[in-house]
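Please look over this model with me before we discuss it.

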Amino acid sequence: MNISVIRKDFPILERKANNGKDIVYLDSTATSQKPQQVIEAMNIYYQQSNANIHRGVHTLAEEATAMYEGAREKIAKFINAKSSREVIYTRNTTESINLVAYSWARTNLKAGDLVVLTEMEHHSNLVPWHMLQAEKNIEIDFISVTDDGLLDLDSYKTLLDRSPKLVSFTHMSNVLGTINPVREMIEMAHQVGAIVLIDGAQSAPHLKVDVQKLDADFYAFSAHKMCGPTGIGILYGKSALLESMPPFLGGGDMIKEVKLRSFRANTLPHKFEAGTPAIAEAVGFGAAVDYLSSIGMDNIAKHEHEITEYALERLEEIQGVKLFGPSVDKKGGVAAFTLDGIHPHDVAQILDQDGIAVRAGHHCAQPLHEKFGIPATSRASFYLYSTKEEVDLLVKGLYKVKEMFK
Ligand code: 7TS
């Protein structure tokens, strides 16, 4: 992997911060930057083929439909789904999880049924279940997180003894970086008859995901974290499950037939795609998976591992830095930390003066921060375009922060 060549694909990495310094983008966990190939694919769509899909027989409508459905095929292949019918376009990971909560869980769960989550979940995999609990009086319990940021599998086994109906957890934590033993955990859940939903928001961008090998029942992810545009995500689901579920939103495209007093739902995957979808974004998403595939997910993971290993080593050198999460062999490219006596927001603000973009706050994982007894962390995160030089600039910036607060 030639990083300097890869960086040239990302126009934004060439721009300067307001003070003329280079942008050091260390916030890819929030959203990734977009390569020219993705931007261009969306431009070409708008310039050459823009039309509404599935509705017209004219040239442009046929082209737009082929591009929209072609992207679905690419994404299906990217995650090794058995069929593109199992790949539902949504707005993002959050909407994908809500779709499962609203459609599958609302239909299949009753009062007292147990849903197992973990203490490291993003709010997107907590709040939909809180909402369902308010409506259906389901039970929710949590796999605990150990001090070194791993899921406690003994606590998982204890929860499985209570025969949960659904187990839903993140493949990779957006704060700790922990890569959970998903395959093993899915197998354990299936042994007690539970359905498993995986939040793949942080894994699909960084790891090779094979939904069939994992045997995931549902797998949710967002394009914008994997070089694609905002406004589009995926819910993968096994076809038998998706077939059995009622529609999520009602309207155009998701129907086969409508009478004044009734409707018949469309077949998969359209049953879950109501209204005019994000067509240009689907095209961009297709270009994004082409781009990632051309580089190779294994190469991307290897590069990120190297950068993360280096970053953790260098950050540990700084007195007063406390890192969260497991050792590098168990995590992806995320380094969340606190700096003794200095608020994470101050850290991020001072780094920003040097063009360094890190995120500060609870990163939509408030319960996890509470567990560690802190309100917030600063978080640097890495992707295929991140360099060791950028890590050095971060470290230099942190010494400057310390100096200012001395
Ligand atoms: N799940 C995880 C594990 C995430 O990291 C995120 C976004 C989501 C779900 C929600 O994704 P969305 O595309 O639906 O918004 N995580 C972050 C983050 O860490 N900082 O900003 C967004």
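**Notes on cavities, pocket, domains and cores**

1. The largest cavity has a volume of about 30 Å³. The model is predicted: local features need pLDDT of at least 70, side-chain atom pairs count only at pLDDT 80 or more, and totals for chains, interfaces and linings use all residues. Residues are numbered from 1 along each chain as its sequence is written, and side-chain values use heavy atoms, with hydrogens and water left out.

2. A cavity is a set of points, on a 1 Å grid over the protein atoms alone, where a 1.4 Å probe fits but cannot get out; lining residues have an atom within 4 Å of a point. Grid points are joined across faces, edges and corners, and a volume is the space filled by probe spheres set on the points. The count comes to one cavity of 30 Å³ or more. Its lining is V175, L176, F324, L368, H369, F372, I374 and T377. Six of these are nonpolar, two are polar and none is charged. Here Ala, Val, Leu, Ile, Met, Phe, Trp, Tyr, Cys and Pro count as nonpolar, Asp, Glu, Lys and Arg as charged, and the others, Gly among them, as polar.

3. Now the domains. The protein is divided into domain 1 (3-27 + 296-404) and domain 2 (39-294), with bounds from an automatic or database domain assignment. Their centres, taken over C-alpha atoms, are 28 Å apart. In contact (heavy atoms within 4.5 Å) are 34 residues of domain 1 and 35 residues of domain 2.

4. Where does the largest pocket lie? Both domains give residues to its lining, so the pocket lies between them. A pocket is an open set of points with protein on both sides within 12 Å along at least five of seven lines. The largest has a volume of about 310 Å³. It is lined by 21 residues, and T29, H122, N174, Q202 and K225 are the closest to its centre. By class, the lining has five nonpolar, twelve polar and four charged residues.

5. The largest nonpolar core has 77 residues; I79, Y219, F221, M226, F285 and L384 have the most contacts inside it. Such a core is a set of buried Ala, Val, Leu, Ile, Met, Phe, Trp, Tyr and Cys residues joined through side-chain atoms within 4.5 Å. Buried means under 20% relative accessible area (1.4 Å probe, protein chains only).

6. Take M226 as an example. Leaving out residues up to four places away in sequence, M226 touches S32, F78, A204, P205, F221, F285, A288, V289, L292 and Y383.

Note on methods: Buried < 20%, exposed > 50% of the residue type's maximum accessible area, 1.4 Å probe, protein only.
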